[in-house]
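Visitor: I would like to learn how to read a few features of a structure. Please take them one at a time.

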Amino acid sequence: MKPSPFDYHAPRELGEALEVLAGTAPHGKVLAGGQSLIPMLNMRLAAPSHLVDINRVAELDALSVETGGVRVGALARHAAVERSPAVAAVQPLLPAALRLVAHPVIRNRGTVVGSLVHADPSAELPAVLAVLGGTVRLARHGAPERDVPAEAFFTGPLESAIEPDELAVSAFFPAPPPRTGTAFQEVARRHGDYAMAGAAAVVTLDEDLRIASARVACVSAGPVPVVLDLSEVCARRPAASADWEAVAAAVRDGVDPDDDIHATARYRRHLTGVLAERALRVAAAEAERVADGRAAVRMSEGVDDGVNHGANGAGEDSE
Amino acid sequence: MTTKLFGERVQRREDPRLITGQGRYLDDLGQDALAAAFVRSPHAHARIRDIDVSAAVDVEGLVAVYTWEDLPERVRDPLPLLIPHPALTHGRTAYPLARDIVRHVGEPVVMVVARDRYLAEDAASLITVDYELLKPVVGVEEAAQGVHLVHEDVPGNVGAHMIQEVPSAAGLGAREAIDAAPHTLAFRLDIERSASMPLEGRGVYARWDADDRSLRVYSSTQTSTSVRMAVAAKLGLPLPSVEVIAPDVGGGFGVKIVHPWPEEVLVPWAAMLLGREVKWTEDRREHFVSSAHERGQVQHVRVGFDDEGRVLGLDVTILHDHGAYTPYGIIVPIITSTQLLGPYRIGAYRVEFSSIYTNTVQVTPYRGAGRPQATFCMERTMDKIAAHLGKDRAAVREANFIHPDEFPYDQGLIFQDGRPLIYDSGDYPESLRVLKGLIGWDGFAEQKERAAAEGRRIGIGLGCYVEGTGVGPYEGGHVQVTSDGRVHVSTGLTSQGQGHETVFAQIAATELGVPLDRVSVVTGDTRRFGYAVGTFASRAAVMSGNAIALACRKVREKALGIAADALEADPRDLTIEDGEVRVAGNPGASIPLATVAVLSNPLRYAFDEEAKRATQFSGAASMDRPPVAEGEEPGLEGRDYYSPVRSTFASGMHAAIVETDPETAEIRILRYAVVHDCGRLINPMIVEGQIHGGVAQGVGGALYERMAYDEHGQLLNASFMDFLMPYATEVPLIETAHLETPSPLNPLGIKGAGEAGVIPVSAVIASAIEDAEGIAVDRMPISPSELHDLRSRAGS
């Protein structure tokens, strides 16, 4: 288990990295965290003749909370994103999902953007990007950067819209709208394994705390993260009276998992329904808590956020 | 004896070294050695038409490429069949490099030697082998039909067929007894393949000294002495010119008892031929497809029993998947068929097994070695009897137990050592009583009801086993006290992390009355001890432990004799405490063991101050007898061997409480309890560690591990990503209680403990899941997906 020979490049500037990629395409491969690439190289499942190690490109080691979301640079490690209070405040689905990614030592090294580019339909982060409607920013030598939305980015199992001469420089995870809750539920064979099934859920309530929008992205349910909009099935009811069985049934109808050695397609379909329902219920409860709690917290902190808080804390949110 | 260390929870002395990176494992050695890599068959069954190495020869750093054609006589012969048996009528072993036919994916075909492993793999990847594909034979039942053959000259793919039958006291055969019984059941059980899967794979590093024509081989093996004999024989070297050393070994679990592996012959051979150091370190993918697996069996069971659940007749037919070769004979199915009876007195028993070849990796013992399958069979049988009669599962077992006053108890079978299966001692009713208390067996029904009221499913299960441990033929121990007062213990069997450095030192320190820190232990180094069998079958403590104790007793006797002369005392009045020989009742009269060691070796030349005492003009020696008396040897050392008349039988009982998720079918072990009886405990902490590790592997076998072969004989999960071994997160807290029923067979009264933990786990988990779900669980392992299927079929 030793890799085939390759030329090793260690650029220090983004421009230099893009030049190397342009010069070696389609025989180059980008090394970031290496948590998938290195095993593939060692097992000779991948044999690029050029390895472009971007770990010294300081400008890619970025993590910023911007208006409307979180931008994660290509070298931001899972662990850094997972532990960032600022990220958790803006997009709690990210740390929730990251806690399910493999094991701490892998998260210390692996990168969020690398996981997206790897485009494993069993992985958590592609599902998170998909359910949030995020984007991946791609750079290429001599060309302007382009932002590719999740639904166009993931094109198949381990396949994405990135071209061989492109580098994914960052990904953007939008912040949730008001009165929104998120959750991630999955079942893996062992702690930290790729999930047999799982769902990232986003639920947004209307001002009367009825479900206005409900979306899930299911993992291990198809060639790419399977995004399902279940708003109609939820029929603008409050979570307590939603027809969750119908929701689960709609999820089962909407996914197309495969058999593998760990689980049958039949079981995965069943499990996806169970987990999507669980995730949506947790997300809905979270949305209720947010709608309720946000007002209360802000009031107690005396923050003037332009929101008219009611005495019961369930004020209208006009952001 | 104040230095009472036997039985104490002494901290493992090897751990600081091993857990701080100071261990010397195979791949830590020979940093400048040439590296070997192997081209292995990508096909399960094929004829080699041609091997083209021409593309590889241009790889810079390539040193040599070998195919079977290049191997000299003896080296090119099939590897030895280690344990012949009359029932193994069609034993077959592999060639070290495939000759004409490959019979499983991973079989070595070409050996490449290069400057380093990277280059060796580069060259290996450029070698093309032209194969004519043959029909792969996969799956033991398909193979047993014998339509396609793994070996052309083995009809029906049957390597061995064996029947053992023990009639009832009334002389009824098992089948008659079953037919005459008030109740009968018949069912089928399936156990999947798994593997030892040590953290460190196999590995060999050889150094040939051309000047004195000697060979030193380091191998990550469970038997260095036997590797030495095999290598010397294969290479035609005099035994004294070959040394084999097992360095620190990162786990064995059975797979490393097999020898000589192709690489253990080829690497030393290449080192001799090339006059260079050569090393091969197995990688994980190689370990999956080129070493050995175990466990896979299909069992058909018929049982007849009375109203109390007492088994009147048991008839078991086993199809044992032996993979492509049988280097280790039929030990695994023999153990399954003989240890199946567990702690029970069975009316009449018939067991028949067929050992079947398939185009898969060969099957050799993995920790438990056929017993997990045996226990699964017997304990599933007990549960089914209880279910049939509506009786408590523990009560049915109790009704069948052999009682403490019935020992020695002869099961009427021939065991894996070729000797009668006679249980030496045990207390099964007491074990069950302790286990029931530990897990809360009697109060569980209410607990289950309370859980059900909350919408939760929980279940309890148990399993009992008896394990033949400490099989012969023998082990030896050598103990030397040097003139600095240090005690050097060596034994020929090897260590793979069990804690031998600690327990053997505890035994020696106790026997010799010296502080533990003065004792050092060496295992598995043929330079220190040449006669040994190996580490397997839970035998190290029983065999080497007793041999070391006996050797220590020789040394002690000699020390007391010398000290008696020096102190002018009667040897019977002497004791050894804290490294000093003392005269009982006379605190002033003592002599350090170090000085006794000096005096034990009459000297002409004083090499230091202390040594002067042993020289000819020191006045210490008697003038009436020669300095070394007849029948004596110089030096304070002793060697002895322990060779048991037969195995000693440890036992244990496990219980678990599991929870199954009604929706996701996830299976969680909430509690796990073990009652274990391995006779006298040398070190309870180490025994518990052994049990914990065994249970962890058992959890793997019960819930996670399988070798997913497809119909082409491709192993689909040959990596740690897809072959699921439990992590710490999957292993429950293990609650342990010990019974100590001494073995009457050996001086220390001990029984083996190495394999115990793994044996009943599948049976226990199946029992508990069955209790939670109300669905029969007859296949292991079981995954959530499979539980979901079972539920669907049961309509629940």
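**Reading a helix, a loop and a contact**

Guide: Helix α13 of chain B (residues 500-512) has 13 residues, which at 1.5 Å a residue should span 18 Å, and its end C-alpha atoms are 18 Å apart, so the two agree. The expected span is 1.5 Å times one less than the number of residues. Helices (H or I, at least four residues) and strands (E, at least two) are DSSP runs, numbered from the N terminus. This is a predicted model, in which local features need pLDDT of at least 70 and side-chain atom pairs pLDDT 80 or more, while totals for chains, interfaces and linings use all residues. Residues are numbered from 1 along each chain as its sequence is written, with chains lettered from A and ligands numbered from 1 in the order written.

Visitor: How many residues of α13(B) are buried?

Guide: A residue is buried if 20 or more other C-beta atoms, placed from the backbone, lie within 10 Å of its own, exposed if 12 or fewer, and partly exposed in between. In α13(B) 13 of the 13 residues are buried, so the helix is largely enclosed by the rest of the structure. Just after α13(B), G513(B) takes a positive phi of about 65 degrees.

Visitor: Where does D70(B) lie?

Guide: D70(B) is in the loop between β3 (62-66) and β4 (101-102) of chain B. D70(B) counts as partly exposed because it has 14 C-beta neighbours inside 10 Å.
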